[in-house]
Amino acid sequence: MSPVSTEPRPLLDALRAGTPLPSFPEADVEQARRLANDVAAASAASVEALPEPLAGAVLEAAVLAGHAALPEALSASSVKPLAKAAKKALYRLRSRGVTPPEAPREAPPSAAPETLPTLVTVMSSTGQYGLLLTRVVRGGVELLQVIASDEQGVQELTRTEQSRGDIRRILKHGLRNGFGMEVSREEGARLLAEAAALNLRTRTPFPPDLEAALRHHGVQPLETPEPLPPPEPEDARRVLEGDQLHATAEIAEWLPPDAQVRGLMDQIQALATSPLSLSAAQRQEQVRQRVQDAARAFFTPEVRQRYARRLWRMAAFFDATQRALQADIARGEARRLFHGLDEPFSRFAETLFAKVVALAAAGAQAQAAPSAGGPQAAPSDERRGPGGLILP
């Protein structure tokens, strides 16, 4: 029997006919025979492992079967004779109108959704705060304006569509004028969920559009907000500095609720009209005692946690406005109030009530001031309340 030609086509015919090919290792012949009979499943690596004539025969099988994937893969082979043969095979296939399948194109990375700042305002004396949340809709921006309370939840909510320029101007104005601080959209949505949970707990009706707003921002009412961290060793020192928080423009306006203000002033008035003969120092001490008693009575466990969360929020605002000392004091007070540490008693809480007496004293002095052109009283550093009490 004459030897089989090593040209691709005769060699392929021999492989398919099962003709012995003693010129090649038997394992390679069997592998080439399997690949030639199923070129659609043949991989470039398996063909590259064959002797060059057998690899050429498998390529010929691919051309005859009209399969361009194998020649396309082998055209980039590091085995140069095999890469050259694969390119010729591709040319023959293209001349017959067979083209290799296009490699799947990577989808361009989707543009990140546009984010606009979210603004949360400072806490008021009654625990009210505002929230400005944005959401891109139909080429515009939806502005969600929320007024919420840390006692009742969401009280007012309005939705309007604004241009991006208007939104940025509104938020920039709020930040520049110290109305609040910028937070992430996720943090703003979390605050909205916390407020909505208060609506449910206090049975305060949802304002119109609140359910839709929660859904659009991907949140649900939070049943229990996260507790504040436990006190730190330095907090005992910070709590003695809590009165400094009332020197800030934001917390200077905080006062106790009206009922507590009236109760304290009734006690001060009763002290001023008391028939007891007390020295100025004794009366001063009595006033201080009334102030502290009122503060301790007001700061029940529930009130402590409420004010703790207010101070925690204010600490973030102080950080945002580069007031690290006030932020540290606010966090220290917040941690101790939240976890019920009584001693030393909160200087923040005591000063909240001392301000009531100081404001009353200032009002009394203003009313007692002589009219213009009248006799002038001697200047004094003392502040006096109803009945002439010297006040702290």
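## About the model

This is a predicted model, in which local features need pLDDT of at least 70, side-chain atom pairs count only at pLDDT 80 or more, and totals for chains, interfaces and linings use all residues. Residues are numbered from 1 along each chain as its sequence is written, and side-chain values use heavy atoms, with hydrogens and water left out.

## Helix α4

Let's start with α4, which covers residues 52–65. Helices here are DSSP runs of H or I with at least four residues, strands are runs of E with at least two, and both are numbered from the N terminus. The expected span of a helix is 1.5 Å times one less than its number of residues. Just past the helix, Gly-66 has a positive phi of about 70°.

How much of α4 is buried? Buried means under 20% relative accessible area, exposed means over 50%, and partly exposed lies in between (1.4 Å probe, protein chains only). Of the 14 residues in α4, 10 are buried, so the helix is largely enclosed by the rest of the structure. Among them are Leu-54, Val-58, Leu-59 and Glu-60. The buried residues of α4 pack against α1 (8–17), α2 (26–37), α3 (44–48), α5 (69–74) and α6 (80–95), where contact means heavy atoms within 4.5 Å.

## Aromatic pairs

Searching the whole structure turns up eight aromatic pairs. Rings of Phe, Tyr and Trp (its six-membered ring) pair if their centres lie within 6.5 Å; planes under 30 degrees apart are stacked, over 60 edge-to-face, and the rest tilted. Trp-254 and Phe-348 make an edge-to-face pair, 6.1 Å centre to centre with 80° between the planes. Trp-254 sits in the loop between α10 (235–238) and α11 (258–272), and Phe-348 in helix α15 (residues 347–368), so this pair ties together parts 94 residues apart in sequence. Trp-254 is buried at 1% relative accessibility, and Phe-348 is buried at 0%.

Phe-298 and Phe-299 have ring centres 5.3 Å apart and planes at 90°, so they too are edge-to-face. Both pairs belong to one aromatic cluster formed by Trp-254, Phe-298, Phe-299, Tyr-307, Phe-348 and Phe-353.

## Charges over rings

A charge sits over a ring if NZ of Lys or CZ of Arg is within 6 Å of the ring centre and within 35 degrees of the ring normal. The charged end of Arg-296 is over the ring of Phe-345, 4.3 Å from its centre. Arg-331 lies over the face of Trp-312, at 5.9 Å from the ring centre.
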